[in-house]
Amino acid sequence: MSLEPEAGAVAAPDAKFSKPAIAWRALLLAGLVVVTVPPWFSQIDVGLDPSWIIGLHLAGIKGLVFGRDVAFTYGPLGFALQPKSLGTLDLHATAIRLTLHLCWWTSAAALLFRTRGYATPLVFVAATAVCGAGLDMEPNFALNGVVILSVLNFLLLAELDRKPAWAVPGAILAAAALLAKFNLGVACAGSLGVWSLMRLARDPSRRVVGRLALLGLAYVGTVVGLFLIYGGPISALWPFLKASKEIAAGYGTQMAIDDPASTGLWTAVALFAATAAGLVVAAAARSPMAPALALMIAPMFILYKGAAVRHDLGHYLISWPGMVSMTALVLPAASRALRTRIPATVAVAGVVGLSLWYAPTSLEKITTRGPSNLAALWRLDEFRAAARARDGRLKAEQALPPRFLERIGAATVDVYPWEISLAWSNDLNWRPRPVFQSYSTYTPALDMMGVRHYRGPRAPRFVIYSHVAIDMGVPCAVDSRTWIELYRWYDLVDAEGDKLLLERRATPKWSGARPIDRTTVDFARTYAIPPAAGGLVFLKADLELSLWGRIKALLYKVDPPLIRVEYKNGGAATYRMVWRNAVGGFVASNMPYDLDAAIQMFRGGSAAEVAGVSFDDPNGCFKPRVELQALQSGPLAEPIASADGTTVR
């Protein structure tokens with residue numbers, strides 16, 4: 001089976017178009033540009049998602065090193081995908097976003113003039129515009145689809161024209177994508193790799209190998225150059241890539257949710273399946289559409305997975321517009337023959353219609369959003385001033401208690417588990433653990449980065465702590481080793497509302513832990529926690545995916561296992577596990593279920609005592625037996641005094 005079309009089936013674009021055809025395409029191109037001018041930055045907000053966006057900006061402003069000080073889903077260029085008006089990064093983000101759109105519009109224009117007929121160019125522009133014009137939200141704000149389309153457009157031009165020079169800007173953009181958001185970079189790199197393989201299959205000569213080597217050098221050079229500018233020293237690049245891979249690898253088996261109110265997942269599944277099936281058929285038939293489908297397959301899969309894992313409307317609408325826009329790529333090659341142009345145009349038009357049916361929008365939004373963004377760019381200083389005025393009002397509303405701020409002063413501070421907006425709104429000397437939002441600590445390697453941070457010389461003096469977790473989790477069993485280290489090194493010194501102020505001790509509460517039991521239990525069988533003897537009992541649980549679980553994780557997603565905790569006070573609770581981290585150990589003798597229990601534990605270590613735990617696999621994706629090891633710490637040291645020398649309320 002070959003991905004190559006028949007000789008002569010795909011050629012360079014026609015040398016001439018009629019004047020009406022040129023005018024028609026110029027009109028369509030102008031419309032595409034007008035409706036897809038991007039927003040430049042948005043207002044700051046508080047909460048889980050707004051906080052990681054603030055964290056990306058603060059990391060850049062404070063010169064934190066990605067791979068050493070910071071490890072997150074987004075990389076050192078991530079601020080450009082989610083820009084806020086903080087420092088001077090908003091100007092960098094505006095320049096990056098404008099450059100990216102100029103590349104997108106240029107490459108789309110080149111493909112538009114390789115598309116025959118009148119209806120087919122219209123459908124091409126309509127499909128292309130979906131990822132930039134907006135459905136019922138701002139899907140082009142994060143630019144996921146625009147980044148992918150820019151890379152694919154240039155690679156397809158290189159394939160259609162047999163001119164490798166077109167691939168150079170594609171490689172540069174793919175490299176930048178890797179530093180913006182790791183899975184976005186993987187999607188683009190996958191397409192770049194497919195194009196390179198097609199080029200080699202067509203001509204495995206030394207000349208081609210040399211050109212591909214130069215293309216690879218452009219890719220690597222861009223990664224290195226941009227990382228040095230925005231990320232940190234070159235020595236941190238490999239740790240950054242490793243940490244990013246850890247986060248990406250753990251996402252699909254930890255973050256799965258299903259939103260009954262969101263029914264759009266079937267469209268993403270169907271579109272990816274249709275792309276895969278179309279590739280097989282087109283390759284077997286040596287169709288000119290085969291190269292376009294081959295370039296689409298990796299990013300289509302990445303976007304499908306993004307929609308499937310966090311199955312809610314927001315995540316779906318981040319992925320779906322880019323998936324729709326990718327279908328436009330089949331039209332330039334398909335339009336060369338009437339027998340392929342008509343069905344391809346109808347199919348792509350159907351996908352566009354489906355997207356508008358599921359996520360309807362209004363003509364007013366489509367036609368006014370782009371011009372409004374263009375006007376904001378024209379009056380950028382005024383736009384920035386208005387944004388900062390709005391942000392300043394929010395900042396005043398987020399002030400911490402004066403006694404918190406007085407005690408902290410200029411000392412270093414972390415915020416646990418995720419509300420980084422507090423660091424921004426109170427102008428704190430933020431020194432975060434590398435994975436600065438705990439729920440993203442999916443694996444033991446990421447968890448140990450937090451351990452080393454709290455244990456080492458860069459540990460913050462204070463931590464602002466909230467006892468919360470997402471997706472039915474319990475805080476002490478999310479980044480479980482990090483939480484243990486936090487509890488070991490920090491004492492409660494003040495509290496107000498739902499926030500605790502923790503201060504670092506001179507010495508840890510205990511040192512080391514000795515093994516006291518090892519056994520294997522079946523799912524649903526209760527394991528009795530051994531006596532703590534004045535210290536704490538930790539449990540290491542080795543849970544493994546079954547063969548079915550591995551296949552499901554690769555192609556779809558896996559719901560993580562649950563832990564049922566039976567408390568000595570007679571109560572019980574079921575929590576969702578960050579199951580990979582359980583092998584490193586979690587506090588099992590005490591698992592505070594609310595803020596009051598957490599306060600009591602930080603004061604004396606005896607709150608929310610646990611009698612036993614059991615595990616549950618709701619979807620049958622794990623091996624049925626769990627290896628357990630129990631460890632016991634020595635007696636805990638006394639906590640330090642509170643802010644006023646008395647017991648904290």
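A cavity is a set of grid points where a 1.4 Å probe fits but cannot get out, and its lining residues have an atom within 4 Å of a point. The model described here is predicted.

**Cavities**

The structure contains four cavities of 30 Å³ or more.

Among the residues that line the second largest cavity are Ala477, Val478, Ile563, Val578 and Phe586. Its lining divides into seven nonpolar and two polar residues, with no charged ones.

**Salt bridges**

Side chains of opposite charge can pair when their charged atoms come close. Across the whole structure, 25 salt bridges are found. The table presents three of them.

| Salt bridge | Closest N to O distance |
|---|---|
| Aspartate 471 and arginine 310 | 2.7 Å |
| Lysine 623 and glutamate 544 | 3.5 Å |

Aspartate 471 forms a salt bridge with arginine 310. This pair joins distant parts of the chain, 161 residues apart: aspartate 471 belongs to the loop between strand S5 (462-465) and helix H20 (480-489), and arginine 310 to strand S2 (residues 310-311). Aspartate 471 has a relative accessible area of 23% and is partly exposed. Arginine 310 counts as buried because its relative accessibility is 11%, and buried means under 20%.

Arginine 455 is partly exposed, at a relative accessible area of 39%, whereas glutamate 485 is buried, at 4% relative accessibility.

Lysine 623 and glutamate 544 form another salt bridge. Distant parts of the chain are again linked, the two residues being 79 residues apart: lysine 623 lies in the loop between strand S14 (610-616) and strand S15 (625-633), and glutamate 544 in the loop between strand S10 (537-542) and helix H21 (547-555). Lysine 623 is partly exposed at 38% relative accessibility, and glutamate 544 is partly exposed at 33%.

Finally, a network of salt bridges links Arg68, Asp69 and Arg458.

Definitions and conventions:
Residues numbered from 1 in each chain as written. Predicted model: local features only at pLDDT ≥ 70, side-chain atom pairs only at ≥ 80, totals over all residues. Heavy atoms only, no water. 1 Å grid on protein atoms, 1.4 Å probe; cavity = no way out; pocket = protein on both sides within 12 Å on 5 of 7 lines; lining within 4 Å. Points joined across faces, edges and corners; volume = space filled by probe spheres on them. Nonpolar A, V, L, I, M, F, W, Y, C, P; charged D, E, K, R; others polar. Salt bridge = Lys/Arg side-chain N within 4 Å of Asp/Glu carboxyl O. Helix = DSSP H or I, 4+ residues; strand = E, 2+ residues; numbered from the N terminus. Buried < 20%, exposed > 50% of the residue type's maximum accessible area, 1.4 Å probe, protein only.
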